[in-house]
Amino acid sequence: MAKEITVNERFEGAFLGFAIGDSFGYPIRDMDFETMCERFEKHGCLELSVSQKTETALFTDATQMALFTADGIVWADREAKGGEINYTTYVFYAYQYWLYTQTNTIAGKEYAWLFDNQKNHHKCRLLKAKGLYQNRFADRTNIDALLGARDSKYGRLISKINDNSDNGGLKRVLPAGLYFNYDSEIAFRAGADFAAITHTAPTGYLAAGCYCAIIADLLNGEPLDNAIKKTLRILKGYEFHEQCYLAIDAALTLIYDDSTGPREAVERLGNGKSAEEALAIALFCVALHSDDFVNAIRLAANHDGASDVCAALAGGLFGAYRGVQAIPKRWLKKMQYYNMLMDIQEELFGVTVFNEKKADYRNDDEDIKAWGDGGTGAFDDFKFE
(Lines give C-alpha, C1' and ligand atoms only; values in the text may rest on other atoms or scores of the structure.)
Protein backbone atom coordinates (compact mmCIF):
# COMPACT_ATOMS: atom_id res chain seq x y z
CA MET A 1 0.00 0.00 0.00
CA ALA A 2 1.44 3.32 -1.08
CA LYS A 3 2.23 5.85 1.65
CA GLU A 4 -0.24 8.72 1.75
CA ILE A 5 1.25 12.02 0.61
CA THR A 6 0.77 14.73 3.22
CA VAL A 7 -0.31 18.25 2.36
CA ASN A 8 3.02 19.49 3.72
CA GLU A 9 4.89 17.24 1.26
CA ARG A 10 2.74 18.44 -1.63
CA PHE A 11 3.22 22.10 -0.65
CA GLU A 12 6.99 21.75 -0.38
CA GLY A 13 7.09 19.67 -3.55
CA ALA A 14 5.24 22.32 -5.55
CA PHE A 15 7.48 25.14 -4.33
CA LEU A 16 10.78 23.33 -4.81
CA GLY A 17 9.65 21.51 -7.95
CA PHE A 18 8.86 24.83 -9.58
CA ALA A 19 12.30 26.26 -8.76
CA ILE A 20 14.09 23.11 -9.94
CA GLY A 21 12.19 23.06 -13.22
CA ASP A 22 13.05 26.72 -13.72
CA SER A 23 16.73 26.01 -13.02
CA PHE A 24 16.75 22.98 -15.31
CA GLY A 25 15.46 25.06 -18.22
CA TYR A 26 17.58 28.13 -17.53
CA PRO A 27 20.76 27.09 -19.46
CA ILE A 28 18.73 26.05 -22.51
CA ARG A 29 16.26 28.91 -22.48
CA ASP A 30 15.29 29.83 -26.05
CA MET A 31 17.85 27.36 -27.43
CA ASP A 32 16.63 25.20 -30.31
CA PHE A 33 16.59 21.45 -29.73
CA GLU A 34 19.27 20.74 -32.32
CA THR A 35 21.68 23.04 -30.50
CA MET A 36 20.79 21.38 -27.18
CA CYS A 37 21.73 18.00 -28.62
CA GLU A 38 25.05 19.37 -29.88
CA ARG A 39 25.90 21.13 -26.62
CA PHE A 40 24.70 18.51 -24.13
CA GLU A 41 23.78 14.95 -25.15
CA LYS A 42 22.21 13.42 -28.23
CA HIS A 43 18.79 13.55 -26.60
CA GLY A 44 19.20 17.08 -25.31
CA CYS A 45 19.77 18.38 -21.78
CA LEU A 46 19.21 15.50 -19.35
CA GLU A 47 20.68 16.73 -16.07
CA LEU A 48 20.40 19.79 -13.85
CA SER A 49 23.33 22.07 -14.69
CA VAL A 50 25.24 24.13 -12.14
CA SER A 51 27.03 27.45 -12.43
CA GLN A 52 30.81 27.19 -12.44
CA LYS A 53 30.97 30.30 -10.26
CA THR A 54 28.51 29.25 -7.53
CA GLU A 55 28.50 25.47 -8.09
CA THR A 56 24.73 25.61 -7.72
CA ALA A 57 21.79 25.50 -10.10
CA LEU A 58 20.57 29.03 -10.83
CA PHE A 59 16.93 30.00 -11.29
CA THR A 60 15.48 32.76 -13.47
CA ASP A 61 13.13 35.67 -12.85
CA ALA A 62 10.24 33.16 -12.77
CA THR A 63 11.33 31.88 -9.37
CA GLN A 64 12.45 35.34 -8.29
CA MET A 65 8.97 36.74 -8.93
CA ALA A 66 7.24 33.70 -7.43
CA LEU A 67 9.17 34.38 -4.22
CA PHE A 68 7.98 37.99 -4.20
CA THR A 69 4.41 36.79 -4.88
CA ALA A 70 4.68 34.64 -1.77
CA ASP A 71 6.02 37.61 0.18
CA GLY A 72 3.08 39.76 -0.90
CA ILE A 73 0.57 37.09 0.11
CA VAL A 74 2.16 36.62 3.53
CA TRP A 75 2.16 40.39 4.02
CA ALA A 76 -1.53 40.65 3.10
CA ASP A 77 -2.41 37.72 5.35
CA ARG A 78 -0.84 39.42 8.34
CA GLU A 79 -2.58 42.70 7.57
CA ALA A 80 -5.94 40.96 7.15
CA LYS A 81 -6.03 39.47 10.66
CA GLY A 82 -8.78 37.12 9.53
CA GLY A 83 -10.82 39.86 7.87
CA GLU A 84 -11.24 41.23 4.37
CA ILE A 85 -8.30 42.61 2.43
CA ASN A 86 -7.26 43.15 -1.17
CA TYR A 87 -4.44 40.65 -1.62
CA THR A 88 -3.64 41.94 -5.09
CA THR A 89 -2.60 45.31 -3.67
CA TYR A 90 0.04 43.72 -1.45
CA VAL A 91 1.29 41.46 -4.20
CA PHE A 92 1.66 44.56 -6.36
CA TYR A 93 3.71 46.21 -3.59
CA ALA A 94 5.89 43.10 -3.43
CA TYR A 95 6.43 43.36 -7.19
CA GLN A 96 7.67 46.93 -6.66
CA TYR A 97 10.32 45.40 -4.41
CA TRP A 98 11.24 42.97 -7.20
CA LEU A 99 11.31 45.86 -9.67
CA TYR A 100 13.81 47.62 -7.42
CA THR A 101 16.09 44.57 -7.41
CA GLN A 102 16.17 44.57 -11.20
CA THR A 103 16.25 48.29 -12.04
CA ASN A 104 17.34 50.05 -8.84
CA THR A 105 14.17 52.12 -9.10
CA ILE A 106 10.42 51.96 -8.52
CA ALA A 107 7.41 53.23 -10.45
CA GLY A 108 7.16 56.52 -8.58
CA LYS A 109 7.86 58.41 -5.39
CA GLU A 110 4.43 57.42 -4.06
CA TYR A 111 5.95 54.00 -3.30
CA ALA A 112 8.94 55.35 -1.36
CA TRP A 113 7.16 54.43 1.89
CA LEU A 114 7.80 50.77 1.06
CA PHE A 115 11.44 51.32 2.02
CA ASP A 116 10.74 53.48 5.08
CA ASN A 117 10.91 51.46 8.30
CA GLN A 118 8.96 54.16 10.11
CA LYS A 119 5.99 53.95 7.73
CA ASN A 120 6.17 50.31 6.69
CA HIS A 121 6.57 47.59 9.29
CA HIS A 122 6.74 44.78 6.74
CA LYS A 123 10.26 43.37 6.52
CA CYS A 124 10.88 41.94 3.06
CA ARG A 125 13.70 39.51 3.74
CA LEU A 126 14.14 38.87 0.03
CA LEU A 127 15.76 42.28 -0.35
CA LYS A 128 18.73 40.99 1.64
CA ALA A 129 19.52 38.20 -0.87
CA LYS A 130 22.15 39.62 -3.23
CA GLY A 131 21.54 36.92 -5.82
CA LEU A 132 17.99 38.16 -6.33
CA TYR A 133 19.37 41.43 -7.67
CA GLN A 134 20.98 39.63 -10.59
CA ASN A 135 19.15 39.93 -13.89
CA ARG A 136 18.22 36.39 -14.89
CA PHE A 137 16.48 37.19 -18.18
CA ALA A 138 14.07 39.54 -16.42
CA ASP A 139 10.87 39.79 -18.45
CA ARG A 140 10.68 43.21 -20.10
CA THR A 141 6.88 43.11 -20.20
CA ASN A 142 6.83 42.79 -16.41
CA ILE A 143 9.35 45.58 -15.90
CA ASP A 144 7.61 48.01 -18.26
CA ALA A 145 4.16 47.34 -16.78
CA LEU A 146 5.39 47.77 -13.21
CA LEU A 147 7.32 50.93 -14.05
CA GLY A 148 4.17 52.38 -15.61
CA ALA A 149 1.93 51.64 -12.62
CA ARG A 150 1.86 55.10 -11.05
CA ASP A 151 -0.64 55.74 -8.24
CA SER A 152 -1.57 52.04 -8.03
CA LYS A 153 -2.91 52.08 -11.59
CA TYR A 154 -1.81 48.55 -12.28
CA GLY A 155 -3.65 46.12 -14.52
CA ARG A 156 -6.96 44.55 -13.56
CA LEU A 157 -9.30 42.15 -15.26
CA ILE A 158 -11.63 45.01 -16.15
CA SER A 159 -8.96 47.69 -16.48
CA LYS A 160 -6.83 46.92 -19.49
CA ILE A 161 -3.37 48.47 -19.58
CA ASN A 162 -1.77 46.42 -22.36
CA ASP A 163 -2.14 43.42 -24.66
CA ASN A 164 0.43 41.28 -22.87
CA SER A 165 -0.42 37.60 -23.30
CA ASP A 166 3.04 36.11 -22.91
CA ASN A 167 3.96 33.79 -20.05
CA GLY A 168 5.27 36.61 -17.84
CA GLY A 169 2.18 36.75 -15.63
CA LEU A 170 1.60 33.01 -15.46
CA LYS A 171 5.14 32.13 -14.45
CA ARG A 172 5.01 33.90 -11.07
CA VAL A 173 1.60 32.96 -9.58
CA LEU A 174 2.22 29.50 -8.08
CA PRO A 175 1.95 30.78 -4.46
CA ALA A 176 -1.65 31.88 -5.12
CA GLY A 177 -2.65 28.30 -5.92
CA LEU A 178 -0.97 27.10 -2.73
CA TYR A 179 -2.38 29.73 -0.39
CA PHE A 180 -5.94 29.81 -1.75
CA ASN A 181 -6.13 26.02 -1.90
CA TYR A 182 -9.38 25.93 0.08
CA ASP A 183 -11.41 26.92 -2.98
CA SER A 184 -10.19 26.34 -6.54
CA GLU A 185 -12.50 29.06 -7.89
CA ILE A 186 -10.92 31.59 -5.54
CA ALA A 187 -7.45 30.26 -6.42
CA PHE A 188 -8.35 30.77 -10.09
CA ARG A 189 -9.46 34.34 -9.53
CA ALA A 190 -6.44 35.18 -7.37
CA GLY A 191 -4.03 33.79 -9.97
CA ALA A 192 -5.78 35.74 -12.71
CA ASP A 193 -5.77 38.94 -10.62
CA PHE A 194 -2.07 38.66 -9.83
CA ALA A 195 -1.16 38.01 -13.46
CA ALA A 196 -3.36 40.90 -14.66
CA ILE A 197 -1.22 43.36 -12.68
CA THR A 198 1.07 43.31 -15.73
CA HIS A 199 -0.77 41.18 -18.32
CA THR A 200 -4.28 42.26 -19.26
CA ALA A 201 -4.83 40.21 -22.41
CA PRO A 202 -7.35 37.49 -21.37
CA THR A 203 -5.11 34.56 -22.30
CA GLY A 204 -2.34 36.11 -20.21
CA TYR A 205 -4.36 36.09 -16.99
CA LEU A 206 -6.77 33.18 -17.61
CA ALA A 207 -3.90 30.72 -18.07
CA ALA A 208 -2.57 31.90 -14.70
CA GLY A 209 -5.99 31.33 -13.17
CA CYS A 210 -6.11 27.82 -14.57
CA TYR A 211 -2.67 26.98 -13.22
CA CYS A 212 -3.56 28.14 -9.71
CA ALA A 213 -6.88 26.29 -9.66
CA ILE A 214 -5.18 23.04 -10.68
CA ILE A 215 -2.41 23.55 -8.09
CA ALA A 216 -5.05 24.15 -5.39
CA ASP A 217 -6.88 20.91 -6.14
CA LEU A 218 -3.68 18.86 -6.45
CA LEU A 219 -2.56 20.17 -3.07
CA ASN A 220 -5.73 18.74 -1.57
CA GLY A 221 -5.19 15.32 -3.10
CA GLU A 222 -7.34 15.55 -6.22
CA PRO A 223 -6.15 13.33 -9.10
CA LEU A 224 -4.66 15.32 -11.96
CA ASP A 225 -7.46 14.49 -14.37
CA ASN A 226 -10.13 15.64 -11.92
CA ALA A 227 -8.25 18.85 -11.18
CA ILE A 228 -8.04 19.70 -14.88
CA LYS A 229 -11.71 18.89 -15.50
CA LYS A 230 -12.81 21.11 -12.61
CA THR A 231 -10.61 23.92 -13.86
CA LEU A 232 -12.00 23.71 -17.39
CA ARG A 233 -15.48 24.27 -15.96
CA ILE A 234 -14.25 27.31 -14.03
CA LEU A 235 -12.47 28.63 -17.11
CA LYS A 236 -15.62 28.41 -19.23
CA GLY A 237 -17.30 30.77 -16.81
CA TYR A 238 -15.03 33.63 -17.90
CA GLU A 239 -15.31 35.80 -20.96
CA PHE A 240 -12.73 35.32 -23.72
CA HIS A 241 -11.78 31.87 -22.44
CA GLU A 242 -11.75 30.17 -25.84
CA GLN A 243 -8.04 30.45 -26.68
CA CYS A 244 -6.91 29.13 -23.32
CA TYR A 245 -9.52 26.37 -23.39
CA LEU A 246 -8.44 25.23 -26.85
CA ALA A 247 -4.79 25.06 -25.75
CA ILE A 248 -5.66 22.77 -22.83
CA ASP A 249 -7.99 20.81 -25.12
CA ALA A 250 -5.09 20.23 -27.52
CA ALA A 251 -2.82 19.01 -24.70
CA LEU A 252 -5.40 16.52 -23.44
CA THR A 253 -6.13 15.25 -26.95
CA LEU A 254 -2.44 14.55 -27.55
CA ILE A 255 -2.26 12.44 -24.39
CA TYR A 256 -4.38 9.84 -26.19
CA ASP A 257 -2.79 10.21 -29.61
CA ASP A 258 -0.56 7.14 -29.91
CA SER A 259 0.52 8.18 -33.39
CA THR A 260 2.30 11.30 -32.11
CA GLY A 261 5.55 11.05 -30.16
CA PRO A 262 6.09 13.12 -26.99
CA ARG A 263 8.51 15.62 -28.53
CA GLU A 264 6.34 16.08 -31.60
CA ALA A 265 3.33 16.61 -29.36
CA VAL A 266 5.12 19.37 -27.45
CA GLU A 267 6.07 21.01 -30.75
CA ARG A 268 2.42 20.97 -31.80
CA LEU A 269 1.45 22.74 -28.60
CA GLY A 270 3.78 25.64 -29.40
CA ASN A 271 6.96 27.11 -27.97
CA GLY A 272 5.64 28.09 -24.57
CA LYS A 273 6.26 31.81 -24.98
CA SER A 274 2.57 32.61 -24.79
CA ALA A 275 0.78 31.86 -21.52
CA GLU A 276 -1.68 29.31 -22.85
CA GLU A 277 1.05 27.39 -24.72
CA ALA A 278 3.29 27.23 -21.65
CA LEU A 279 0.39 25.92 -19.55
CA ALA A 280 -0.57 23.35 -22.19
CA ILE A 281 3.00 22.04 -22.49
CA ALA A 282 3.37 21.73 -18.71
CA LEU A 283 0.07 19.88 -18.36
CA PHE A 284 0.92 17.51 -21.20
CA CYS A 285 4.35 16.67 -19.77
CA VAL A 286 3.08 16.00 -16.25
CA ALA A 287 0.09 14.00 -17.49
CA LEU A 288 2.35 11.87 -19.69
CA HIS A 289 4.98 11.31 -16.99
CA SER A 290 2.81 11.52 -13.87
CA ASP A 291 5.08 9.14 -11.94
CA ASP A 292 8.45 10.40 -13.14
CA PHE A 293 9.59 13.91 -12.19
CA VAL A 294 12.82 13.71 -14.18
CA ASN A 295 11.21 12.75 -17.48
CA ALA A 296 8.39 15.27 -17.01
CA ILE A 297 10.95 18.07 -16.56
CA ARG A 298 13.16 16.87 -19.41
CA LEU A 299 10.23 16.81 -21.82
CA ALA A 300 8.99 20.22 -20.67
CA ALA A 301 12.43 21.78 -21.17
CA ASN A 302 13.85 20.10 -24.28
CA HIS A 303 12.11 21.98 -27.09
CA ASP A 304 12.48 25.15 -29.14
CA GLY A 305 11.10 27.82 -26.84
CA ALA A 306 10.58 28.86 -23.22
CA SER A 307 12.32 25.89 -21.63
CA ASP A 308 12.63 27.55 -18.21
CA VAL A 309 8.99 28.57 -17.86
CA CYS A 310 7.52 25.31 -19.19
CA ALA A 311 9.76 23.21 -16.94
CA ALA A 312 9.03 25.43 -13.93
CA LEU A 313 5.28 25.09 -14.42
CA ALA A 314 5.63 21.33 -14.86
CA GLY A 315 7.78 21.10 -11.73
CA GLY A 316 5.18 22.93 -9.66
CA LEU A 317 2.37 20.73 -10.94
CA PHE A 318 4.30 17.51 -10.39
CA GLY A 319 5.40 18.53 -6.89
CA ALA A 320 1.85 19.39 -5.84
CA TYR A 321 0.66 16.08 -7.27
CA ARG A 322 3.32 13.67 -6.04
CA GLY A 323 5.04 15.52 -3.19
CA VAL A 324 8.62 16.52 -2.48
CA GLN A 325 9.71 12.91 -1.95
CA ALA A 326 9.22 12.30 -5.70
CA ILE A 327 11.86 14.92 -6.57
CA PRO A 328 15.44 13.57 -6.88
CA LYS A 329 17.55 14.51 -3.88
CA ARG A 330 20.56 14.96 -6.16
CA TRP A 331 18.75 17.89 -7.77
CA LEU A 332 17.48 19.36 -4.51
CA LYS A 333 21.03 19.50 -3.16
CA LYS A 334 22.22 21.52 -6.17
CA MET A 335 19.76 24.38 -5.84
CA GLN A 336 21.01 27.90 -5.26
CA TYR A 337 19.41 29.49 -2.21
CA TYR A 338 17.93 26.17 -1.13
CA ASN A 339 17.63 27.37 2.47
CA MET A 340 15.94 30.59 1.37
CA LEU A 341 13.48 28.65 -0.79
CA MET A 342 12.67 26.44 2.19
CA ASP A 343 12.28 29.44 4.51
CA ILE A 344 9.88 31.25 2.18
CA GLN A 345 7.76 28.18 1.49
CA GLU A 346 7.61 27.43 5.22
CA GLU A 347 6.55 31.02 5.89
CA LEU A 348 3.80 30.76 3.27
CA PHE A 349 2.77 27.33 4.58
CA GLY A 350 2.59 28.80 8.07
CA VAL A 351 -0.12 31.30 7.12
CA THR A 352 -1.99 28.93 4.82
CA VAL A 353 -4.99 26.97 6.04
CA PHE A 354 -6.46 23.84 4.56
CA ASN A 355 -10.03 22.63 4.12
CA GLU A 356 -11.49 25.88 5.46
CA LYS A 357 -11.76 29.47 4.36
CA LYS A 358 -9.01 31.70 5.74
CA ALA A 359 -10.38 35.15 4.93
CA ASP A 360 -12.68 36.83 2.49
CA TYR A 361 -11.00 37.25 -0.86
CA ARG A 362 -11.59 40.78 -1.95
CA ASN A 363 -11.19 42.35 -5.35
CA ASP A 364 -12.37 45.80 -6.30
CA ASP A 365 -13.32 44.75 -9.82
CA GLU A 366 -16.89 44.10 -10.83
CA ASP A 367 -17.78 40.58 -11.93
CA ILE A 368 -16.28 39.79 -15.33
CA LYS A 369 -17.54 36.25 -15.66
CA ALA A 370 -19.37 35.24 -18.81
CA TRP A 371 -23.15 34.98 -18.92
CA GLY A 372 -23.30 31.20 -19.14
CA ASP A 373 -23.08 28.76 -16.24
CA GLY A 374 -19.77 27.37 -17.46
CA GLY A 375 -21.27 24.25 -19.00
CA THR A 376 -19.44 20.95 -18.91
CA GLY A 377 -15.92 20.24 -20.01
CA ALA A 378 -15.27 18.43 -23.27
CA PHE A 379 -13.14 15.91 -21.38
CA ASP A 380 -15.44 14.84 -18.55
CA ASP A 381 -14.55 11.21 -19.17
CA PHE A 382 -10.80 11.42 -19.57
CA LYS A 383 -8.54 9.85 -16.98
CA PHE A 384 -4.74 9.58 -16.83
CA GLU A 385 -4.31 6.64 -14.53
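## Helices and buried spots in a predicted model

Q: How many of the nine residues of helix H13 (residues 293-301) are buried?
A: This is a predicted model, so let's start with one of its helices. H13 is mostly covered. Among its buried residues are Phe293, Val294, Ile297 and Leu299, and the cover over them includes H1, helix H12 (275-288) and H14. The count of buried residues in H13 is seven.

Q: Are H1 and H14 roughly parallel or roughly antiparallel to each other?
A: Two packed helices are described by the angle between their axes and the distance between the axes. For helix H1 (residues 7-25) and helix H14 (residues 307-322), the axes sit 6 Å apart and the angle is about 160 degrees. Angles over 145 degrees count as roughly antiparallel. Therefore H1 and H14 are roughly antiparallel.

Q: How many nonpolar, polar and charged residues are in the contact of H1 with H14?
A: On the H1 side you'll find Gly13, Gly17 and Gly21, among others, and on the H14 side the list includes Gly315, Gly316 and Gly319. Gly is put in the polar class here. Sorted by class, the residues where H1 meets H14 come out as seven nonpolar, eight polar and five charged.

Q: Which residues of H8 make the contact with H1?
A: H1 also packs against H8, at an angle of about 145 degrees and with the axes 9 Å apart. H1 brings Val7, Arg10, Phe11 and Phe18 to this contact. By class, the contact of H1 with H8 has six nonpolar, no polar and one charged residues. The H8 residues in it are Tyr211, Leu218 and Leu219.

Q: Why does aspartate 217 count as buried?
A: Aspartate 217 is in helix H8. Leaving out residues up to four places away in sequence, aspartate 217 touches Ser184, Glu222, Ala227 and Lys230. Buried means under 20% relative accessible area. Aspartate 217 counts as buried because its relative accessibility is 5%.

Q: What distance separates the C-alpha atoms of alanine 19 and methionine 335?
A: Alanine 19 belongs to helix H1, and its 1% relative accessibility means that it counts as buried. Setting aside neighbours within four places in sequence, alanine 19 is in contact with Phe59, Thr63, Met335 and Leu341. Alanine 19 and methionine 335 are 316 residues apart along the chain, yet their C-alpha atoms are separated by 8.2 Å.

Q: Is aspartate 151 buried or exposed?
A: Look in the loop between helix H5 (140-147) and helix H6 (174-179) to find aspartate 151. Its phi is positive, about 55 degrees, although aspartate 151 is not a glycine. The relative accessible area is 52%, so aspartate 151 is exposed.

Q: What is the relative accessibility of phenylalanine 240?
A: Phenylalanine 240 sits in the loop between helix H9 (224-235) and helix H10 (242-255). Phenylalanine 240 has a positive phi, near 60 degrees, in a residue other than glycine. Exposed means over 50% relative accessible area. Phenylalanine 240 counts as exposed, with a relative accessibility of 53%.

Conventions:
Residues are numbered from 1 along each chain as its sequence is written. This is a predicted model: local features need pLDDT of at least 70, side-chain atom pairs count only at pLDDT 80 or more; totals for chains, interfaces and linings use all residues. Side-chain values use heavy atoms; hydrogens and water are left out. Axes are lines fitted to C-alpha atoms, for helices over the stretch in contact, and angles run from 0 to 180 degrees between N-to-C directions. Helices (H or I, at least four residues) and strands (E, at least two) are DSSP runs, numbered from the N terminus. Angles under 35 degrees count as roughly parallel, over 145 as roughly antiparallel, 65 to 115 as roughly perpendicular and the rest as oblique. Contact means heavy atoms within 4.5 Å. Buried means under 20% relative accessible area, exposed over 50%, partly exposed in between (1.4 Å probe, protein chains only).
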